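Please open the model in your viewer and keep a selection tool at hand.

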Amino acid sequence: MSVAIKANRLTPYMFLAPAGVILVFALLYPIGYMVYASFLDWSPSQRIGQAEFIGFRNYVNLWGDEAFRESFWVTIRFAAIVVTLEMFLGVGLALLLDRNLKGMAVLRTVFILPMMIAPIVVGLMWRYMYHPTVGIFNRTLKSMGFEGVPWLSDSTWSFIAIVIADVWQWTPFIFILALAAMQSLPRSALEAAEIDGASEWQKILLIKLPLMMPVLIVTLLLRLIDAFKVLEVILVLTNGGPGLSTEILALRIFRTAQEFQELGEAAAMSNLLLMLLMALTIGMFAYNRVQEARVARQRAAAEKDDD
Amino acid sequence: MLKYLNSTVSAIAGLALGATAALANPYEEHAGETLVVNFPAHPHFDAVMKVLPEFTKETGIRVEVDQLQYLKMRERQTLELTKNRGDYDLIAYVVFSKADYVYADQLENLARFFMNPKLADPNYDADDLIDGYVANIGVAGGKKGYLPGPTGSLFGLPFGSETSVLGYRKDIFDKHDLKVPESYDELLELACLIPELEPGMGGLASRAASGHHASHAFLLHLAPLGGRIFDDEWKPIVNNAEGVQAAEALKKIVNCGAEGSKTFGFAEAGASFLQGNSAMFLDSTVFAGQVNNPDKSKVVGLVEWAPHPVGVRAGSQTGGFGIGIPKNAQNKDAAFLLMQWLTSKKADKLIAMAGGNPSRYSTHADAEVNEKFPHMSTFGEALKNADPDWRPIIPVWGKINADLGTTLSKIITEDAPVQESLDGVAERTQALMDDAGYYTWTQ
């Protein structure tokens, strides 16, 4: 092999190298650091080199830690509920607004406003709205002759309160992606369906949603990952209380590092969260792959039939 | 000859002058140095900022202040103190950082400065410093490791320290002819009587929010009611009769409090009192500065102060800040001079007049200070009962505090059974303490 050919073959790798180096330093190094830290008994007053290596003890401790288990389930429950609600509402809104109405551009911008507000501000805003005496919800309820709701001072209600705030903030994200996906659908398929006399519901269920599915799955995944990591809004709204009823994992990690000064244990929790999210991501992509393969098989079969 | 004599005289005069100058100005050697100090954003330290130029004028030592929000401050210090050469010459620290910093060997023992005749001012009068504060914030290595005792030594000085006092609405108390509560029985009775007398008004504004706030409020009642978190052998006794009584007291106070009080933090409890929605307030002295500020308060001129009510013993909280010199500081001697100056009688009074929390008995009794802040003498009385052991200052406290705080929140909001819940805290605390090695010598 001549030198020129060799050099030619190496060229792409040389161009990739800077990105690779950045990736190693910016991504793999911190993650490696975190994985290593999860095996240490490390307080912030020590340098990492001074921390004692304790093997899997942090993980074993977490296994037996009731508070951790509780916040783990709170997180799962929170993520499942908010993402389901947001998917239904977001896609539903997109279906409703996917038409040429006057002033639609303005309306769309208004719809995505909540997403643009800083999370801390969202938290503060909702906290005032949930306020037992001066908050708008309880004032309205009372003016209509009902009892006020203990929004943030009852464990069930405060969970509902954070779900409402999160749905309010993140439904627009799903809405905007679903709308974009819907508007890029091939018109030919819809027109063909119209000619065949399909009803609106049939068009939605049999054409629009299946064609949007790849985008919706990615959207769902992004939201799910985000929902597992949400911190600021809940930190401001309830700070995890009452009891541990709204203490999601991200908040527990934050407190373990900040309040309890146990960096090792916080790193172990972060690793567990990372593994959980990885499993979800891989599962979702695998499902997508299987779906695509099935569609390809069907298409091949259909093409064969056409022949 | 005359010329010779002249020069001798002037030489002697010069020497004498030099000697007097050296005597009169112990700061001369350090004049021109610049100190970098780390203070929190806090009313006391805002007052200190007004007084600091006086130090520079008097000593020629310049001071650069890095003022941070107090949680941020802790984070920054954690990084700074592990460096080989630190940027900070003097730091303010919250009391529970004492356990971490001293244990990690990051604070200077102050003995070598107080032994140095060139640095230590013989008129400093350390006896005048408030005992409870010095014990709580300054000393480590004595009894239980975090209290004074024959083996303890001094690592910091109280500066911006706080205790608990009872604020009450004079107008409401006068209107219904109520007696200011001196005991816990009276306090609890009044807390629930006031909402009946004044519909819509809460009895005592207390913090109760899940976590640190609930735990803090519980501890405020635990010490006077005779309880402790640990016995002398580190066995958790938070679930004994006194502990249960303190939790029930807290629950009662919150239930008779203003609307929404189950989730009050320090700020919300304070706001409830300032807005006139609660008749009493039992918490840190740092709050007193806001009561007569018309921008923040609707109860200007209506509030009076009394010592923390007594249960089986008198015991108010100790907390707030202290100042110490990091091991990795670069200008330690000058930092000590600043520290000594800031906590001297003169500066303590200047800071108090500017709205800070004094650390000395004499400042609390000072006529001029009392004329401007009439509550100061009451605070001075209350401080004699400041309890340095009202909460343990050990590295694992953060975790115990959080567990206690969330459990209390469940007791308050979900009616969890008190005894059973505290038993759970004791059990988990025991496991934590065992893990941290506190039973190495007793098992």
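**From one residue to the interface**

Select B:Ala335 and, setting aside neighbours within four places in sequence, you will find it in contact with B:Leu35, B:Asp89, B:Leu90, B:Ile325 and B:Ala329, where contact requires C-beta atoms, placed from the backbone, to lie within 7 Å. This is a predicted model, in which local features need pLDDT of at least 70 and side-chain atom pairs count only at pLDDT 80 or more, while totals for chains, interfaces and linings use all residues. Residues are numbered from 1 along each chain as its sequence is written, with chains lettered from A and ligands numbered from 1 in the order in which they are written.

Next, select B:Leu35, B:Leu90, B:Phe218, B:Leu250, B:Ala335, B:Leu338 and B:Met339, which touch the most other members of the largest nonpolar core, a set of 119 residues. Such a core consists of buried Ala, Val, Leu, Ile, Met, Phe, Trp, Tyr and Cys residues joined through C-beta atoms within 7 Å, and buried means that 20 or more other C-beta atoms lie within 10 Å of the residue's own.

Colour helix 13 (residues 332–342) of chain B, which supplies the largest share of this core, eight residues; helices are DSSP runs of H or I with at least four residues, numbered from the N terminus. Domain 1 (29–162 + 319–383) and domain 2 (163–317 + 392–435) of chain B both give residues to this core, so it lies between them; the domain bounds come from an automatic or database assignment.

Finally, display both chains: 23 residues of chain A are in contact with 24 residues of chain B.

Key:
Contact = placed C-beta atoms within 7 Å. Buried ≥ 20, exposed ≤ 12 C-beta atoms within 10 Å, placed from the backbone. Helix = DSSP H or I, 4+ residues; strand = E, 2+ residues; numbered from the N terminus.
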